[in-house]
Amino acid sequence: MARTKVWAESSRREITYALCDDLRTLIWFGNQRAVEYHPTLFLAASAPEPTHLVLDLDPSPGQTFADAVAGARLIREALAADGLSGAVKTSGSKGLHVFVPVVPGIDVEDAAAATRAVAARAERIDPSVGTTAFIREDRQGKVFLDATRAGGATVAAAYSPRIRPGVTVSFPLRWSDLDEVKPTDFTVRTVPDLLGDSDPWRAEMPPPQRLPPDLVEEGHTIPVARVQAMHEGKRRARARRSE
């Protein structure tokens, strides 16, 4: 079995991972009870160069898949305004993922910044639909435009089963199909027949794109959501104690 070593910034050490790049290894993972597959956003040979920007559209409690679709369309509009395009798939849960392929050689911090900028621009298009608020209580029932899938983050792979009722599958869609489907249409029982010999994820994915400088520049002015949320959480905790 092929392996690769990846530096883990959080634990300050190298971690060895198996590379699932053939059917035999996939079957081995399955025998280890691996159901969900969450790969990184870079290749073993070129880590940590990102291969895609990823925006995760996550409905708030009480919202529906249609709300996630509205959020994804904001992302698409924000991308198009800067000459970019992406492919969309169900997350396998209740939301959607938008993948934007990028050319090799992009700095990981620039990619993370551009992802933040796309989400912020999408929010500005219609703040009644989407929000970039990382803290749940600040989302006010809107779709979370999650721009944190960057750097060393992982995301559910296309065609990955999810540990959900019915064993739903993260499945590629055409943008024009978003109003016609729901996540439960795609399960381990239905997907084989839907796919046949095709690979819609490859077919719908645009070619790799260069990141516009203005997008990267704006993104570097936007605080990293997790860091900002950590400081805000501490501030709110101090405020509660003082009361």
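Where is the place of Q140? Q140 sits in the loop between β6 (130-131) and β7. The model described here is predicted.

**Backbone features**

Q140 is not a glycine, yet its phi is positive. R12 also has a positive phi without being a glycine. The loop that holds R12 runs between β1 (3-8) and β2 (13-18). The table sets out both residues.

| Residue | Phi | Relative accessibility | Class |
|---|---|---|---|
| R12 | about 55° | 52% | exposed |
| Q140 | about 55° | 63% | exposed |

Why do R12 and Q140 count as exposed? Exposed means over 50% relative accessible area. R12 counts as exposed because its relative accessibility is 52%. Q140 counts as exposed because its value is 63%.

A cis peptide bond links A47 to P48, with omega at about 5°. P48 belongs to the loop between α1 (23-31) and β3.

**Inside the protein**

The count is one cavity of 30 Å³ or more. The volume of the largest cavity is about 40 Å³. Its lining includes L41, P50, H52, L53 and R149. Two elements, β3 (52-58) and α3 (108-125), each give two or more residues to this lining. The largest share, three residues, is from α3. By class, the lining holds six nonpolar, three polar and one charged residues.

**On the surface**

V35, I163, V167 and V188 make a nonpolar surface patch of about 300 Å². V167 lies in the loop between β7 (143-146) and β8 (172-173). V167 counts as partly exposed because its relative accessibility is 30%.

Definitions and conventions. Residues numbered from 1 in each chain as written. Predicted model: local features only at pLDDT ≥ 70, side-chain atom pairs only at ≥ 80, totals over all residues. Heavy atoms only, no water. Patch = residues over 30% accessible without salt bridge, like charges linked within 9 Å, V, L, I, M, F, W, Y side chains within 5 Å. Areas by Shrake-Rupley, 256 points an atom, 1.4 Å probe, with all protein chains shown as cover. Salt bridge = Lys/Arg side-chain N within 4 Å of Asp/Glu carboxyl O. Helix = DSSP H or I, 4+ residues; strand = E, 2+ residues; numbered from the N terminus. Buried < 20%, exposed > 50% of the residue type's maximum accessible area, 1.4 Å probe, protein only. 1 Å grid on protein atoms, 1.4 Å probe; cavity = no way out; pocket = protein on both sides within 12 Å on 5 of 7 lines; lining within 4 Å. Points joined across faces, edges and corners; volume = space filled by probe spheres on them. Nonpolar A, V, L, I, M, F, W, Y, C, P; charged D, E, K, R; others polar.
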